[in-house]
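Subject: Structure handover

Hello,

Here is the structure you are taking over.

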Amino acid sequence: MKKFKNKARLISIALLASGVATVAPAVVPQSVIAAEQSASDKQMYEVFRYITFYYKYPDGSTKLCSKGAHQSAKLPSKTYVHTFGASKASNFLTNVPSGWRIENENIPSVKGSYNNPPAEFKVYLVQTNSGSSGSANANKPVTETKTVKRTIQFVKKYKDGRTERYGSKTQSATFSRTGYTDANGKKQMPSWSPQTWDAVTVPTVAGFRSDISVIPAVTFTPDNAPKDRTVYLYESSTKTESKTVKRTIRFVGRNANGKEVSLGSASQSATINRVIATDANGKVTVLSGWSKGTIPEYTVPDRDGYTKTLSKLPAIAVYADSKDTSVTVYYNANNSNNKPTSLRGWKNENGKFRYYGTDGKYYTGWHYMSSKEGQSAPHWSYFGSDGYIYTGWKKMGKKEGEKVEHWSYFGANGWLRTGWQNMGTKTNPDGSNKSHWSYFGANGWLRTGWQHMGTNANPDGKNKQHWSYFGPNGWLRTGLQRMGTKENPDGGSREHYSYFGSDGWLVTNRAFSVAGVRYIADGRGWLSLN
């Protein structure tokens with residue numbers, strides 16, 4: 001078949017719609033047909049060159065015309081190259097629509113194969129100034145302008161039902177677009193280009209509050225421009241709520257015969273506060289979250305004739321959900337059964353460690369391991385009922401009335417971890433690795449969920465309370481986070497997102513960008529697009 005390489009076997013011009021001229025197929029010499037018929041039968045591959053017609057408007061936009069054609073050739077192999085000859089567009093479109101003319105008449109020759117077919121050739125029809133009603137205005141530019149406004153009213157609403165206008169903010173935008181009049185006298189206009197109104201900050205008025213602090217920025221066209229709206233500032237009264245959490249300490253002596261006797265008691269407490277406001281509708285708004293309180297570290301007193309099993313009780317951080325607690329401190333009677341023995345101090349037993357006190361008995365439960373007991377620094381450790389010191393993650397029980405048990409972490413040396421801790425490098429869902437941080441309270445309990453992390457200075461020099469969020473595994477969240485579905489002021493619900501900085505602080509009351517996307521964070525940390 002090689003001797004027929006540069007000869008087209010067949011060119012067919014097919015109609016795709018009415019009004020397309022018919023072109024007779026090229027005639028293939030009989031010698032070629034005879035030669036190919038004598039060869040062994042082979043599969044033939046058909047390749048197409050499409051010719052498509054488009055309306056072209058003065059603004060550069062195009063629209064597919066309903067008329068078109070194609071050329072085709074059957075080739076002996078997928079790589080056989082065929083040349084489609086040059087032609088005239090008018091050969092394929094004999095009935096040009098009224099008011100239009102062919103812009104690019106000449107269709108050039110092109111080569112193509114089954115594996116590499118020629119590209120579509122586009123023929124454009126442009127408008128003329130004759131042949132239809134309204135033709136005198138054909139292609140004539142037309143400009144439209146439209147101005148839209150939005151007024152935001154701020155209204156104070158008093159508890160007795162009175163209302164008072166406090167002020168307003170008017171936003172305005174003027175749109176302009178230029179189109180043309182077609183051959184039929186009809187205006188052809190492009191879409192309006194959108195514009196953006198900036199975010200509006202709701203004024204702060206002493207003794208009043210609003211459901212929102214910022215009206216987000218909005219992008220729109222005249223067809224969907226935001227409407228006027230009224231923002232109410234509700235009269236409210238404020239008060240300070242207080243909560244006191246108490247720790248009761250019982251002192252119990254244990255005699256040689258196992259009898260227990262009371263050696264007195266003590267108590268500690270801490271009070272936390274928050275400020276709330278109640279408006280004209282009876283709605284309660286928290287103006288400041290609960291302050292942080294601490295029940296201080298407690299030094300266990302000595303008792304004559306007894307040896308205390310615990311030197312100190314750890315400080316306890318107090319939060320809104322904290323409950324009263326009680327603890328019992330035991331004392332062992334000083335008698336012949338409690339004389340010092342050679343077992344005093346740390347003992348490695350089968351690769352695990354116990355600590356023996358002056359009574360020759362190993363420690364169990366919580367113990368404050370001071371530097372006097374062979375440690376480089378005072379710290380808390382926990383010994384199981386078998387006397388072995390805890391290391392690694394341990395489930396430490398739950399508070400009264402709680403359903404979730406708390407976790408603590410003990411280092412390889414048995415020291416209870418408190419405060420910020422780098423818990424090592426973990427694999428993230430995206431396959432990357434990074435160090436993860438967790439926070440343990442003064443009592444050593446792992447924090448999860450929302451946590452008030454104290455008051456810190458901001459870049460503007462002001463101080464404010466900062467919040468962080470820890471996942472169920474105790475990992476500090478950073479970056480953009482989906483925070484679940486929440487109820488909106490209109491009664492509906494939707495998913496809400498928040499953003500946490502690299503330090504884990506929740507971003508509130510400001511606009512910022514992430515990966516080129518602009519967001520606004522309200523006072524709760526909920527995000528909306530800017």
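This is a predicted model: local features need pLDDT of at least 70, side-chain atom pairs count only at pLDDT 80 or more; totals for chains, interfaces and linings use all residues.

Residues are numbered from 1 along each chain as its sequence is written, and side-chain values use heavy atoms, with hydrogens and water left out.

Salt bridges

A salt bridge here is a side-chain nitrogen of Lys or Arg within 4 Å of a carboxyl oxygen of Asp or Glu. By that rule there are nine salt bridges. Glu144, Arg177 and Lys187 are linked in a network of them. Arg177 is in strand β11 (residues 163–181) and Glu144 in strand β10 (residues 140–157), 33 residues apart, so the pair links distant parts of the chain. Strands are DSSP runs of E of at least two residues, and helices are runs of H or I of at least four, both numbered from the N terminus.

Lys187 also forms a salt bridge with Glu144, with the closest N and O atoms 2.9 Å apart. This pair, too, links distant parts of the chain: Lys187 belongs to strand β12 (residues 187–188), and 43 residues separate it from Glu144 in β10. Arg177 counts as buried because its relative accessibility is 19%, whereas Lys187, at 44%, counts as partly exposed. Buried means under 20% relative accessible area, exposed over 50%, and partly exposed in between (1.4 Å probe, protein chains only).

Another salt bridge joins the side chains of Glu297 and Lys312 at 3.6 Å, N to O. Glu297 sits in the loop between β21 (293–295) and β22 (298–299), and Lys312 in strand β24 (residues 312–313), 15 residues apart. Glu297 is partly exposed at 39% relative accessibility, and Lys312 is partly exposed at 24%.

Strand pairings

Strand β29 (residues 365–369) has four of its five residues buried, so it is largely enclosed by the rest of the structure. β29 pairs with strand β30 (residues 379–383) in the antiparallel sense over five bridges; two strands pair if DSSP finds at least two bridges between them. Tyr368 stands opposite Trp380 in β30.

Three strands form an open sheet in the order β39-β40-β41, with antiparallel pairing. Its edge strands are β39 and β41 (527–529), each pairing on one side only. The twist averages 35 degrees from one strand to the next, taking axes as lines fitted to C-alpha atoms (for helices over the stretch in contact) and angles from 0 to 180 degrees between N-to-C directions. Strand β40 (residues 517–521) pairs with β41 over three bridges, and Tyr519 stands opposite Leu529 in β41.

Two serines

Ser513 is placed in strand β39 (residues 510–514) and is partly exposed at 44% relative accessibility. Its side chain makes a polar contact of 3.3 Å with that of Arg518. A polar contact is a pair of N or O atoms within 3.5 Å; within protein, one must be able to donate a hydrogen and the other to accept it, and residues adjacent in sequence count only if both atoms are side-chain atoms.

Ser498, in strand β38 (residues 493–500), is buried at 2% relative accessibility. A polar atom of the Ser498 side chain lies 2.9 Å from the backbone oxygen of Gly525. Beyond neighbours within four places in sequence, Ser498 is in contact (heavy atoms within 4.5 Å) with residues including Leu480, Met483 and Trp526.

Regards
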